[in-house]
Amino acid sequence: MQKPHSLLKVEDVVSYIGPYTILHGASVDIKQGEAVVILGRNGAGKTTLLKTIVGLVNTRSGSITFDGKSIVGMPTYDIIKEGIALVPEDYGTFNMLTVEENLRLAMLKEDGESKDRLDYVLDLFPDLKIAYKRLSKTLSGGQRQMLSIGRSLVNENKAILIDEPSKGLAPVVIERVALALQEIKKHTTVVLVEQNFALASAVGERYYIVSEGQTVANGQVEDLVKDKELQAAHLGI
Amino acid sequence: MGAILTLLINGLAQGALIFLMASGLSIILGMMGVINFAHGTLFLWGGYSYVWAYYVIWNRVAQARFPDAYAIGQWGGSVVRVDRIALPSGQALPFHLDLLIFLAALIIAVAIVFFIGMIFEKLFINKVYNNAPAQILVTLGLQVIFTDVARFFFGTEGIQIVPPNFLNGTTRLWGGTIVHYNIFVILVGLAVALIIHRIITKSRIGMVIRAGLQSPEHVKAIGINIRRYFTYIFAVGAGLAALGGALYMPFVGAVTSTAGMNNQILAFIVIVVGGLGSFLGSAFGSVFIGLMTVVISLFVPALSVVANVLVMALVLVFKPNGLFGMAVNN
C-alpha cells in the first residue's frame, strides 16, 4: 500500500501578534485523508496555530508547506484558494447576510460542481435549507456553527481546519456536529481544534497536544484515551 | 403652509447633499475602520473641479455659438483661471447644450475625485489600516494640504456659480417658493440612495461590504482579497463626496475653500446620529440633520451649528447606536 503523502506540514513555527510571540516552535505533519485533533489547555496556542497556517497571524520563522508548496507569507485569501478552509472560532458567519449569501460569498467558483457541493451542504444540514433566505443573525449558535462548517464545504478543499466547533453549544447540538464531522472526514482531511475531549476523540484519529505555544506530544487518539497521565498533564481532564 | 413647504424642500435638499458625503464616509469608517478627515477636501475638490469644468466647457460652447460673446473678467487662482463671459443681451444656450455641459462637468468632477481617492488609498490610507492615531494624522494632513493646493490652484476668493439655466428658477406653490434646483438635488440624492441600496442588498460587492462591516478578517478567511475592495470603496466614497461638492456649490451660489471642512463636520454628525456603518442610518440621519438645520437657522440662526453638535452629543450619550439604532455592531 502506498504511504499517504504529507498534505500540511508545519515545522518549528514561531509566530507573533504585535509584540507577543504566541507560538514558540510548533510542528505538525498532517497526511492526506487524516482526521487530526489539536488539543491543549486554554491559551496554549491552538487557535493561533490554525490562524498562523492560513496567514492571519504572522510567522517569524519556521516553515509551513501545503501540498508541497510553501505558504508562509502568502496573503490569507491566496492560502484559502490553495484549498484550505478555515471554520473559525465563534463561527465567523456574517450576520447581515442571509444563509444563502453566506454560502455563495464563500464559493470561489460558481460552477456546476460548486452547486452540487451546495446541495450536499444543505442535505447535511437541513436546518440551513429551512433558514436559507433568512439573515444569519436570526440563527441559533448551533445553526451558525453548521453554516460555518457548511461554508467550508462549498469549495473543492483539500483540508478543513475547524476551531472549537463545540464552543458554547448544548450537548445535543454537539452530537449533531460530531455526526457531521464524521461524515465530512470521509471526503476531506480534517484538522480539529477542540477542548471537548469527547468530541475530539469521536472525530480524531491522531492528536497533537499544544502547550505554551509548542507541540509537546502526538500519537494515536485511541492511545491518548487510555493514557490518563498524559491527559492530566496537558488537558486538565 | 407655504413656509413649511419651502422649509421642507430646502431641508431635504440640504439633507440630500449631506447624504452624498456622509454615505461614503460611513462605509469607509464602518468597513475599513478609517476615520477619513480628508473627506471634506474630496468634497471641495469635487466642487472646484465641477466649477472649473463647467466654465471651461460652457465658455467654449458659448464663444462658438455667439461670436460677440465677450470676457468681462476672470475667476481663479495662481494656476487655473477661467474667463467670465457675458452673452449678448437676450441670448442663452439652448436647453440640450445646457444639459450636456452640466452633465459633462458633473462627470468630470466625479471622475477626477474618484481618481484622487484611489491615489489617497493606494499611497496613504493603505499604510495606516488598524492604526487610528496615524489615520487621523494622515487624513487630517491630506485635508490641510489638499485644501491649500485647491486655494493655490483656484484662488482664495469664492467663484460664483449658479445652477444651469434649465434648473435656475422658482415656482410659487401654496404660498411657498420652490427652488427648482433644490428639487433636482433631492431627486439626485434619492436616486443615489436607491442605487447604493440596491448594490448593497443585491450584488456580490454588497455582500462583501455587509460582511466586511462585521469582520474584515473573516472575509479574508473565506478567500476574498478585501483590500482590493477597499481601494474601490474608498474611491467610490470619494466620488460620492465629489458629486455632493459639485451639486453643493450652485446650491449656495459660490465655491469657497472652507466649504469642505464645514460640510465634513455635518457629515460626521450625520454618521453618529444615523448609526455608524449603516447606509440607511446615514440616509435617515442626513434628512434629519438637513431638516433640523434649516428650521433652526430660520428661527434661531445663532444656534444652527450648536444645535447639530448638541444633537450629536445627546445621541452619543443616550443612543450610541444612532438615533435609529442602526449602527453595525463590530
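**Where chain B meets chain A**

Visitor: Hi! Across the interface of chain B and chain A, how many salt bridges does the rule find?

Guide: Hello! In this predicted model, the rule finds 2 salt bridges across the interface of chain B and chain A.

Visitor: Which side chain does B:Glu217 meet in a salt bridge?

Guide: The side chain of B:Glu217 pairs with that of A:Lys51, at 3.4 Å from N to O.

Visitor: And which helices of chain B each supply at least two residues of the side that touches chain A?

Guide: Those are helix H6 (204–214) and helix H7 (216–220) of chain B. The largest share of that side, 6 residues, comes from H6(B).

Visitor: What's that side of chain B like by class?

Guide: The side of chain B that touches chain A has 7 nonpolar, 6 polar and 4 charged residues.

Visitor: OK, how many residues are in contact between the two chains?

Guide: On chain B there are 17, and they are in contact with 21 residues of chain A.

Visitor: What about the area buried between them?

Guide: About 1,700 Å² is buried between chain B and chain A, and carbon and sulfur atoms give 64% of that.

Visitor: Changing topic: what pLDDT does chain B average?

Guide: Chain B averages 87, with 98% of the residues scoring at least 70.

Visitor: And what ipTM and pTM does the model score?

Guide: The model has an ipTM of 0.89 and a pTM of 0.82.

Terms used
Residues numbered from 1 in each chain as written. Chains lettered and ligands numbered in written order. Predicted model: local features only at pLDDT ≥ 70, side-chain atom pairs only at ≥ 80, totals over all residues. Heavy atoms only, no water. Contact = heavy atoms within 4.5 Å. Buried area = accessible area lost by both parts, 1.4 Å probe. Salt bridge = Lys/Arg side-chain N within 4 Å of Asp/Glu carboxyl O. Helix = DSSP H or I, 4+ residues; strand = E, 2+ residues; numbered from the N terminus. Nonpolar A, V, L, I, M, F, W, Y, C, P; charged D, E, K, R; others polar. pLDDT = per-residue confidence, 0-100.
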